[in-house]
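This briefing accompanies the structure shown below. The points that follow are grouped by topic.

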Amino acid sequence: MGWGGRASDVHITENCGILDKLLPEDMILADRGFTVEESAGMYCAEVKIPPFTRGKKLLSKCEVDTARQLSRVRIHVERVIGAVKQKYTILQSTLPISIIMCKDDDCSIIDKIVTVCCAMFNCCDSIINAD
């Protein structure tokens, strides 16, 4: 279901049903402040948040390596999201509230539109080199 602009990422994540789709050992990539570790843990999934200095001047070598690995993956996720938005311009525009609101079933029109756009994008050539 679509959410208004004031809904927090945590609220949306915990109430949209995506956590119900997690499998044991799944991993969620997140930023600081995205506090769903406990919710994800209920599904035996893990939340990975890049390390940050918080009171330290420098990160340890291990923390730097972890942050670098997470960044490599996150860049690809962000590229794919951007490519989907660019390819399917309906996702770039301001939408009327009627598209965001749920009708008789639990799935709004925008949910269906996003699902179809992502499914079609998955049929396209990869934007990530396999090398």
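Val73, Val77 and Ile81 together form a nonpolar patch on the surface of this predicted model. The accessible area of the three residues together is about 240 Å².

**Nonpolar surface patch**

- Valine 73, one of the patch residues, is placed in helix α3, which covers residues 61-87.
- With a relative accessibility of 42%, valine 73 is classed as partly exposed.
- Ile81 belongs to the patch and is also among the residues that lie nearest the centre of the largest pocket.

**Largest pocket**

- The largest pocket holds about 1,600 Å³ of space.
- Two or more lining residues each are contributed to this pocket by α1, β1 (27-29), α3 and α5 (109-122).
- Helix α3 provides the largest share of the lining, with seven residues.
- In total, 34 residues line the largest pocket, and those nearest its centre are Ile12, Thr13, Ile18, Ile81 and Val114.

**Salt bridges**

- The structure has a count of five salt bridges.
- In one of them, the side chain of aspartate 65 meets that of lysine 61, with an N to O distance of 3.1 Å.
- Aspartate 65 and lysine 61 are separated by about one helical turn, because they stand four residues apart in helix α3.
- Lysine 61 is exposed at 65% relative accessibility, whereas aspartate 65 is partly exposed at 29%.
- Aspartate 65 also forms a salt bridge with arginine 68, at 4.0 Å from N to O.
- The spacing of arginine 68 and aspartate 65 in helix α3 is three residues, so about one helical turn separates them.
- Arginine 68 is partly exposed, with a relative accessibility of 45%.
- Another salt bridge links the side chains of lysine 48 and glutamate 46, with 3.3 Å from N to O.

**Cysteines**

- A search of the whole structure finds zero disulfides.
- A disulfide is a covalent bond between the sulfur atoms of two cysteines.
- The closest cysteine sulfur to that of cysteine 44 belongs to cysteine 16 and is 19 Å away, so the pair is too far apart for a bond.
- For comparison, the cut-off for a disulfide is a pair of cysteine sulfur atoms within 2.5 Å.
- Cysteine 16 is partly exposed, with a relative accessible area of 35%, whereas cysteine 44 counts as exposed at 53% relative accessibility.

**Backbone and loops**

- Cysteine 44 is placed in the loop between α2 (37-41) and β2 (46-48).
- The phi angle of cysteine 44 is near 60 degrees, which is a positive value in a residue other than glycine.
- Glutamate 25 likewise has a positive phi, near 75 degrees, and is a residue other than glycine.
- The position of glutamate 25 is in the loop between α1 and β1.
- Glutamate 25 is exposed, with a relative accessibility of 77%.

- Asparagine 15 is part of helix α1, which spans residues 9-15.
- Its relative accessibility of 40% places asparagine 15 in the partly exposed class.
- In sequence, asparagine 15 and alanine 83 are 68 residues apart.
- In space, the C-alpha to C-alpha separation of asparagine 15 and alanine 83 is 26 Å.

Note on methods:
Residues are numbered from 1 along each chain as its sequence is written. This is a predicted model: local features need pLDDT of at least 70, side-chain atom pairs count only at pLDDT 80 or more; totals for chains, interfaces and linings use all residues. Side-chain values use heavy atoms; hydrogens and water are left out. Buried means under 20% relative accessible area, exposed over 50%, partly exposed in between (1.4 Å probe, protein chains only). Patches are made of residues with over 30% relative accessible area and no salt bridge: like charges are joined within 9 Å, nonpolar side chains (Val, Leu, Ile, Met, Phe, Trp, Tyr) within 5 Å. Accessible areas come from the Shrake-Rupley method with a 1.4 Å probe; for residues, only the protein chains shown count as cover. On a 1 Å grid over the protein atoms alone, a cavity is a set of points where a 1.4 Å probe fits but cannot get out, and a pocket is an open set with protein on both sides within 12 Å along at least five of seven lines; lining residues have an atom within 4 Å of a point. Grid points are joined across faces, edges and corners, and a volume is the space filled by probe spheres set on the points.
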